[in-house]
Amino acid sequence: MNHSNEPLPYIEESEVLVEDLIDIESNDLIVYNDEFNTFDHVIKILMKVCKHNIEQAEQCTITIHYRGKCAVKKGSMTELKPMCEAILDAGIQAAIE
């Protein structure tokens, strides 16, 4: 409550869409195992597309091989969609969940 006669400071309002709030870091980029791609190819693509270091890419690739899939990146749909498309373009099965 303002008890003095000083004017209150101006506060700028901005709109935030619910879709923008929901889209923050709530999705996983999943890469699936197949019988066609080599370990080296998958590692190379994860390093290029997801910006993994060699250790991260190798660990994800081993998980993909033995468990059938791995969440290789977490993020917003906006961030993950081009990554997913690049992985698919490289001939590797991937999806956003």
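## Thr 61 and helix H3

Thr 61 is found in helix H3, where helices (H or I, at least four residues) and strands (E, at least two) are DSSP runs numbered from the N terminus. The model is a predicted one, in which local features need pLDDT of at least 70 and side-chain atom pairs count only at pLDDT 80 or more, while totals for chains, interfaces and linings use all residues. Residues are numbered from 1 along each chain as its sequence is written, and side-chain values use heavy atoms, with hydrogens and water left out.

With a relative accessible area of 4%, Thr 61 is buried; buried means under 20% relative accessible area, exposed means over 50%, and partly exposed lies in between (1.4 Å probe, protein chains only). Apart from residues up to four places away in sequence, Thr 61 touches Phe 39, Val 42, Ile 43 and Leu 46, a contact being heavy atoms within 4.5 Å.

## The chain as a whole

The chain contains four helices and three strands, and from the N terminus on its elements follow the order α-β-α-α-β-α-β. Of its 97 residues, 27% are buried. Among contacts with a separation of 6 or more, 67% join residues 24 or more positions apart.

The chain exposes about 7,300 Å², of which carbon and sulfur atoms supply 54%. Accessible areas come from the Shrake-Rupley method with a 1.4 Å probe; for residues, only the protein chains shown count as cover.

Helix H2 spans residues 39-49, and its buried residues are Val 42, Ile 43, Ile 45, Leu 46 and Val 49. These residues lie on the same side of H2 because they cover an arc of only 165 degrees around the axis, the arc being that of the directions from the helix axis to the C-beta atoms. On the other side of H2, the exposed residues are Asp 40, Lys 44 and Lys 48.

The partners of the buried residues of H2 are strand S1 (27-32), helix H3 (54-67), strand S2 (69-75) and helix H4 (77-89), against which they pack. After H2 comes Lys 51, which has a positive phi, near 60 degrees.

## The nonpolar core

A nonpolar core is a set of buried Ala, Val, Leu, Ile, Met, Phe, Trp, Tyr and Cys residues joined through side-chain atoms within 4.5 Å. The largest one has 19 residues, and those with the most contacts inside it are Leu 29, Val 31, Leu 46, Cys 50, Val 72 and Ile 87. S1, H2, H3, S2 and H4 each give two or more residues to this core; H2 provides the largest share, five residues.

When neighbours within four places in sequence are set aside, the contacts of Val 31 include Leu 46, Ile 64, Val 72, Ile 87 and Ile 92.

## A salt bridge and a surface patch

Side chains of opposite charge can pair when their charged atoms come close. A salt bridge is a side-chain nitrogen of Lys or Arg within 4 Å of a carboxyl oxygen of Asp or Glu, and by this rule the count is one. It joins the side chains of Asp 28 and Lys 74 (3.3 Å, N to O). The pair links distant parts of the chain, with Asp 28 in strand S1 and Lys 74 in strand S2, 46 residues apart. Asp 28 is partly exposed at 24% relative accessible area, and Lys 74 is partly exposed at 46%.

Phe 39, Ile 62 and Tyr 66 form a nonpolar surface patch that together has about 340 Å² of accessible area. Patches are made of residues with over 30% relative accessible area and no salt bridge; like charges are joined within 9 Å and nonpolar side chains (Val, Leu, Ile, Met, Phe, Trp, Tyr) within 5 Å. Ile 62 belongs to helix H3 and is partly exposed, with a relative accessible area of 42%.
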